[in-house]
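Here's a quick tour for anyone meeting this structure for the first time. Have the model open beside you and follow along.

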Amino acid sequence: MTPTYRTLLAALTAVGALVSLTACGAGSGSSGAGHASSGTYTFWDPYPQFDASSPWGKRVAGCGTRAGVKVARTAYDTTDLGNKALLAAQQGNAPDVMLVDNPVVSTLVEAGILNKTGDLGLDTTSVQKNIIGAGTIDGSAYGVPIGANTLALYYNKKILSAAGVTPASIKDWNSLTAALKKVKAAGKKGITFSAISTEEGSFQFLPWFWGAGGDLTKLNSARGVAALSLWKQWVDAGYAPKDVIQNTQTTSWQEFATGTYAFGENGTWQLGNAEKAGFDHGILNIPAREGGSAPVPTGGEFVTVPVQKDTSRYDVSKKIVECLTSDASLLPTDTTLMYVAPTAAVQAAQVKQNPKLKPWVAAVAAARGRTSGGLGTKYPTISQPLWTAVQSALSGGKSPQAALDTAQAGAGKN
Amino acid sequence: MTGRPMTIARADRPRRRTPAPVQASGAGRLSPQRRLRRRSRLTALAFVAPLIAYLAAFYVYPLYRNLDLSLRDYTVRSFVAGDAPFSGWDNVRKVLDDPTFAPALRHTMVFTFVSIAFQYVIGLGLAVFFNRHFRLSGVLRALFLIPWLLPLIVSASTWSWMFNSESGVVNYFLHFFGVDPVGWLTSPDWALTSVIIANIWIGIPFNLVILYSGLQNIPAELYEAAALDGANTWQVFRRITFPLLRPVSAITLLLGLVYTLKVFDLIWIMTKGGPGDSSSTLATWSYQLGFGTLLPKFGPGAAVGNLLILIALAFGLLHIRVQRRLEA
């Protein structure tokens with residue numbers, strides 16, 4: 001009999017342990033991770049590449065210390081962060097301060113989980129209008145940009161000169177296509193970009209779409225079709241590789257960095273890698289269809305303060321945000337991230353420090369927010385059909401017109 | 001958690017009365033016997049309790065949440081606030097009317113059945129081959145397990161590099177035979193084929209291992225008898241190996257079905273369901289709806305997930321029926 005009791009007791013202990021574990025889990029869930037101790041403030045960002053010992057990690061910790069609290073920082077993959085934030089808000093344990101990619105801001109605002117910067121008493125007057133535009137909904141800003149980035153064309157100087165192309169001659173789409181033709185004739189590869197079926201694909205397509213005068217609310221207009229036809233023409237003629245539809249911006253960069261491509265469409269953040277690539281490179285603003293610079297989409301993150309039950313926490317959160325977005329902090333932060341600062345004063349300091357940033361500052365000044373212009377949460381429902389259209393046109397499944405017709409039919413539907 | 005004090009009380013009671021049943025059982029009186037029966041029932045219950053708690057926490061609740069998600073009209077706002085209105089079959093109807101649905105269902109079926117067929121045939125061939133016990137057969141068999149041991153992110157990324165239309169080793173190899181480069185992952189005509197090839201490779205070890213262990217259970221005397229009767233290799237396979245392997249085959253195929261139906265990671269890593277939706281299955285589509293865009297559509301995503309569960313459940317029930325019939 002005794003063994004039976006012993007096993008019975010063991011089983012019961014196990015149940016007890018399991019139940020108390022569940023109880024524990026439920027307890028911490030309801031009280032919220034951010035409130036585990038009032039001296040600890042939770043902080044989320046999409047920079048998993050920076051650990052606690054990195055300059056960014058130290059700056060976040062330092063801003064906490066200055067505000068008199070301890071900051072518990074968690075870094076998520078950028079595509080993950082939006083959903084993680086929604087789930088956390090649903091569970092009532094959103095972080096105190098959160099850095100999110102700019103097009104996500106409108107979604108989070110729609111979910112009602114972000115505070116207006118005005119309500120918190122944060123000053124955003126020095127921030128460039130087009131940069132804060134992506135985080136502005138119905139006239140109110142819901143975050144402070146930490147920095148901005150955008151797209152331009154990197155080119156390989158050696159390949160262009162071997163093919164007899166002068167970068168200055170590239171002013172519009174025709175001259176760019178002519179340059180690609182010469183490069184191909186010289187036995188090199190033309191251009192690489194990212195047309196993957198994620199937000200990155202839409203981000204990379206937008207300069208061409210907008211450069212043709214396209215309108216996101218009418219994807220299948222003749223202008224939109226012209227932009228997609230340009231990309232398709234490049235892929236069909238072999239000026240761009242077929243695998244662009246699988247390329248992320250990182251893999252596209254890796255292709256360019258092999259030194260066999262004349263052009264690569266990529267972002268400010270690759271500038272550091274460009275120096276290490278081992279060949280001479282230059283930067284060209286993406287040309288519009290009929291000449292001039294095409295409007296490019298703004299990239300970059302916003303510092304936001306999610307809604308908390310305990311509103312007394314906002315004071316400290318505000319101090320942390322102010323610390324991170326102060327001019328003194330923006331300069332080193334944006335240097336680390338290879339971003340363009342959101343304020344004119346810091347931009348001037350950046351260019352002084354690194355003259356190579358000058359074309360990027362100009363590009364950012366001409367950039368547009370993807371969710372700006374009243375699109376807000378409509379943007380995601382447009383972006384997804386758009387990248388699908390790019391995919392089906394470039395893979396040869398559909399003509400650009402048919403692909404964009406389908407996209408327009410699906411756009412805006414929830 | 002109300003369960004805890006109750007179970008503790010139960011634990012205390014029998015301990016105090018330990019000696020009683022031991023003496024009583026010999027005497028054959030009624031009430032202690034009943035007590036004994038009750039105690040054994042309690043013991044049984046206590047043993048089952050952890051399992052029930054586990055099932056409730058990790059199976060019932062997530063399934064319930066998924067069902068709930070699919071029956072409500074969730075927007076990001078109502079998801080956070082938790083006040084989404086009940087919308088009945090709206091999400092399911094939306095999903096069924098979606099132009100992506102028919103291709104996704106078709107791709108799921110093609111992906112599943114073609115994968116299974118090749119995995120089984122190749123796995124069976126290898127199992128019979130390794131059953132002969134030649135030198136180094138153990139080492140070779142272990143090598144064949146590699147696809148199973150590798151993390152899926154590694155094998156899927158490797159396949160996607162090999163299939164790369166510009167610099168992939170597969171196209172490089174074809175080049176030697178004068179074959180033009182194939183857009184394995186970039187052409188809508190090839191994408192589904194490519195992910196199926198990768199999935200077959202990954203699934204072979206599973207079939208190999210199970211079928212091999214099934215072969216071990218076939219008595220050697222039968223083969224000896226067949227050899228005496230002068231049966232050739234094909235006859236031995238047709239008349240002995242295959243029929244005696246039938247129960248194991250049925251289980252292998254059905255388990256494979258359930259596993260393959262829900263394959264998501266491999267396809268997502270290699271093609272993300274693209275180009276367009278030429279390799280999207282119900283699993284990738286569900287993820288795409290729920291998490292693939294900046295504005296999640298939890299309701300329709302959950303509805304697709306439920307459809308997938310229903311299909312898997314149908315095959316699961318079939319599995320149980322087949323197993324029961326085999327055991328009977």
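Let's start with a pair of helices: α9(A) goes past α10(A) in a right-handed crossing. Keep in mind that this is a predicted model.

- Helix α9 of chain A covers residues 199–211 and helix α10 of chain A covers residues 222–236; their axes come within 8 Å and cross at roughly 130 degrees.
- That angle makes α9(A) oblique to α10(A).
- On the α9(A) side, the residues that meet the partner helix are A:Trp208, A:Phe209 and A:Gly211. Facing them from α10(A) are A:Gly224, A:Ala227, A:Leu230 and A:Trp231.
- Sorted by class, the residues of this contact between α9(A) and α10(A) come out as five nonpolar, two polar and no charged.

**A four-stranded sheet in chain A**

- Four strands of chain A make an open sheet, in the order β8-β9-β7-β10, with mixed pairing.
- At the edges you'll find β8 (189–192) and β10 (281–284) of chain A; each has a single partner strand, so one side of each has no neighbour in the sheet.
- On average, neighbouring strands here are turned by 20 degrees against each other, ignoring direction.
- Strand β7 (residues 151–156) of chain A runs antiparallel to strand β9 (residues 261–267) of chain A, and five bridges join them.
- For a landmark, look for A:Tyr154, which stands opposite A:Gly264 in β9(A).

**Domains of chain A**

- Chain A splits into domain 1 (37–145 + 300–365) and domain 2 (151–297 + 373–410).
- The centres of domain 1 of chain A and domain 2 of chain A, taken over C-alpha atoms, are 29 Å apart.
- Where they touch, domain 1 of chain A puts in 14 residues and domain 2 of chain A puts in 14 residues.
- On the domain 1 side of that contact, α4 (102–110) and α16 (358–365) of chain A each supply at least two residues. The largest share, four residues, comes from α4(A).
- By class, the domain 1 side of this contact in chain A has nine nonpolar, three polar and two charged residues.

**Domains of chain B**

- For chain B, the domain assignment gives domain 1 (3–70) and domain 2 (90–327).
- Their C-alpha centres lie 42 Å apart.
- Four residues from domain 1 of chain B and eight residues from domain 2 of chain B take part in the contact.
- The domain 1 side of that contact in chain B holds two nonpolar, two polar and no charged residues.

Note on methods
Residues numbered from 1 in each chain as written. Chains lettered and ligands numbered in written order. Predicted model: local features only at pLDDT ≥ 70, side-chain atom pairs only at ≥ 80, totals over all residues. Axes fitted to C-alpha atoms, helices over the stretch in contact; angles between N-to-C directions. Parallel < 35°, antiparallel > 145°, perpendicular 65-115°, else oblique. Left-handed = near helix turned anticlockwise from the far one by under 90°. Contact = placed C-beta atoms within 7 Å. Nonpolar A, V, L, I, M, F, W, Y, C, P; charged D, E, K, R; others polar. Domains from an automatic or database assignment. Pairing = 2+ DSSP bridges.
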